[in-house]
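Let's take a walk through this protein, one stop at a time. Keep the structure open as you read.

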Amino acid sequence: MDPETGLLHPVFCVGLTILFSCIRADMAPHFSAEPRSTIQKLGGRVQLRCAAEPAWTFITWHFNGQKLTDSGQNGIEIRSGSLLISSLQMSHVGRYQCVASSSFGVIVSSPSFITIASKYFSVTTRRFFGPFFDTRLMGVLDRLTFLIFLASCASTFIIW
């Protein structure tokens, strides 16, 4: 073996390994947009968006850990990375995730939750204070109650 070419071969192999690992890292899927949690009233429209790169990445959706197989299932439409619920029902409440996959890997988004908006506090305070309760104050109390609810349930998923 020639001493000059003997050293060249390992250097060449290491160089190719580094080059291919860099190319592979750039081609692995990554999210450019992840779905966000949504609070909507019953019958309202909800749209969750998910986008991943590179362009050939395939996106699927999961609801409470189960893959959503086809568009139109249970009033849920899936098209080009978006999930659309035209009329929100109690059966739609839960945890949604998008999964981006390609031949270079699979990634799962952070969970996003769809929740039904509630006027529970407003209804009980109006009942308690009667018709003389100022509606401007009601809006402030609704927001305050909602923030307290979010803070207390930030790490808990409630199903009722």
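This is a predicted model: local features need pLDDT of at least 70, side-chain atom pairs count only at pLDDT 80 or more; totals for chains, interfaces and linings use all residues.

To find His-92, head for the loop between strands E8 (82–85) and E9. What does the side chain of His-92 reach at 2.7 Å? That's the backbone oxygen of Asn-74. Leaving aside residues up to four places away in sequence, His-92 also touches several others, including Gly-75, Ile-76, Ile-85 and Phe-63.

Search the whole structure for aromatic pairs and you get one. Phe-63 and Tyr-96 make up that pair, with 4.7 Å from centre to centre and 35 degrees between the planes, which makes it tilted. Phe-63 sits in strand E5 (residues 58–63) and Tyr-96 in strand E9, so the pair ties together parts that are 33 residues apart in sequence. Is Phe-63 buried or exposed? Phe-63 is buried, and Tyr-96 is too.

Now for the cysteines. A disulfide is a covalent bond between the sulfur atoms of two cysteines. The count here comes to one disulfide: Cys-50 is joined to Cys-98, with 2.0 Å from S to S. The link between Cys-50 and Cys-98 is right-handed, with 60 degrees about the S-S bond. It connects distant parts of the chain, 48 residues apart: Cys-50 is in the loop between strand E3 (46–49) and strand E4 (51–53), while Cys-98 is in strand E9 (residues 94–102). Both Cys-50 and Cys-98 are buried.

Note on methods
Residues are numbered from 1 along each chain as its sequence is written. Side-chain values use heavy atoms; hydrogens and water are left out. A disulfide is a pair of cysteine sulfur atoms within 2.5 Å. Helices (H or I, at least four residues) and strands (E, at least two) are DSSP runs, numbered from the N terminus. Buried means under 20% relative accessible area, exposed over 50%, partly exposed in between (1.4 Å probe, protein chains only). A polar contact is a pair of N or O atoms within 3.5 Å; within protein, one must be able to donate a hydrogen and the other to accept it, and residues adjacent in sequence count only if both atoms are side-chain atoms. Contact means heavy atoms within 4.5 Å. Rings of Phe, Tyr and Trp (its six-membered ring) pair if their centres lie within 6.5 Å; planes under 30 degrees apart count as stacked, over 60 as edge-to-face and the rest as tilted.
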